[in-house]
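Please look over the sequence and the model below before reading on.

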Amino acid sequence: MTEILVSDVNLNSVCERLEQHCCVDQNQHNLAGQPQTPVLKRHTNTGAKLWGRVRSKLLRQKLDPQTVQSKNWHMDVIEMNGIKVEFSMKFTSRDLSLKRTPSKKQSGVFGVKINVVTKRERSKVPYIVRQCIEEVEKRGIDEVGIYRISGVATDIQALKTAFDTNTKDILVMLSDMDINAIAGTLKLYFRELPEPLLTDRLYPAFMEGIALSDPAAKENCMMHLLRSLPDPNLITFLSLLEHLKRVAEKEPINKMSLHNLATVFGPTLLRPSEAESTKGQHITTASDIWSHDVMAQVQVLLYYLQHPPISFAELKRNTLYFSTDV
C-alpha cells in the first residue's frame, strides 16, 4: 500500500512517487519448468497512464468540498494492466502544511529569527541565503524550472542539517549537490522562518497597498512599507529581489518569468499570521482556500520585481527625509 498525505502544494511530488510502483513481478520458467529469478517488467506506457489517472483522482478529491472538510483518511484503489495501486489520502490546508515552527536549537539557522542569525554571524544577509544565491547564479541560472522544480527531499534535508550545524564542508556539499536541492533549501529557509520575511505586523498593510488603484499612491505606500521593515529583513529581501530579477533575465532559457518566480516565492515571503488566518475560517471550499490571499501575495512580490532597482541607502535617505520634514 502506498500511503499519501495530500497537501494543496505538493500534488506533483505525490504523483511522481507513484511512478515507482508501476512494475509487475513476473516469474519466468525455463524449458524444464523450473522457475527462474523474478523479473520486473513494465507494461508500455503504464507508468505514465497510471500517473495521469492518479493525478486526476487526487485533483478531483482536492476540489471536493466534502474531502476538504473531512479530517479522515480516504481509501482508494486504481488498477491498470494488472497493476494495482492502493493508497490513502486526506486534505491538509496550506495553513497547516506551511505552518511556521520556531527551531528549538538556538544555534541553528532554520526556524530562527533572521535578526538573531545576522547578529550572530555579524552579517547583513544570512550566510545560507548568500551561499545558495551564489551557487544558483553560478550553475543553476540556466536550469529549466529553477525554483519551480523540487529538489530531492533527502538532499535538502542534508543541506539543512549542514547549515544548522555549521558544517565545515558546506561549500563542498554545495558544489556537489543538485542545483534544485540548493534552490529548495533556500525556499525552505524562508518558509521555516518563525515570522515571514515581510513580517506579520506589516501583512495587512501590504494587502491594502497592493490593492490601491492610484499608481502614485501605490508607489508611496509600497516604498514606505519597505522602509518600515527591520534592516536584516529589508537587506535580505532586496538581495533576494535582485537575484530573482537576474534569474528572470534568463527566462528564454530557464522558462522562469518574473510572474513565475513571484508565484513560487510570494506566499513564502508574505503570509498572514495565525491571528489573521483565523479571520478567514468561514471559507469552506478548496478553491477558496487555495486562492485566499495568495494572489495578493504574488502580486506584492511581482510589484517589487517589476519595479526599477531599489537601493537600501536610498530608502534610508528617504526615511530620514520624511522623519525630519515635519
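Leaving aside neighbours within four places in sequence, Phe-237 is in contact (heavy atoms within 4.5 Å) with Leu-197, Leu-198, Leu-226, Leu-269, Leu-301 and Tyr-304. This is a predicted model, in which local features need pLDDT of at least 70 and side-chain atom pairs count only at pLDDT 80 or more, while totals for chains, interfaces and linings use all residues. Residues are numbered from 1 along each chain as its sequence is written, and side-chain values use heavy atoms, with hydrogens and water left out.

Phe-237 is one of the residues with the most contacts inside the largest nonpolar core, which has 67 residues; Tyr-147, Met-222 and Leu-226 are also among them. Such a core is a set of buried Ala, Val, Leu, Ile, Met, Phe, Trp, Tyr and Cys residues joined through side-chain atoms within 4.5 Å, where buried means under 20% relative accessible area, exposed over 50%, and partly exposed in between (1.4 Å probe, protein chains only). Helix α12 (residues 231-248) gives the most to this core, with nine residues; helices are DSSP runs of H or I with at least four residues, numbered from the N terminus.

In helix α11 (residues 215-227), the buried residues include Met-222 and Leu-226, together with Lys-218 and Arg-227.

Tyr-147, in the loop between α6 and α7 (153-164), has a positive phi of about 80° although it is not a glycine, and at 0% relative accessibility Tyr-147 counts as buried. Arg-122 likewise has a positive phi, of about 55°, but Arg-122 is exposed, with a relative accessible area of 80%.

Technical notes:
Helix = DSSP H or I, 4+ residues; strand = E, 2+ residues; numbered from the N terminus. Expected span 1.5 Å × (residues − 1).
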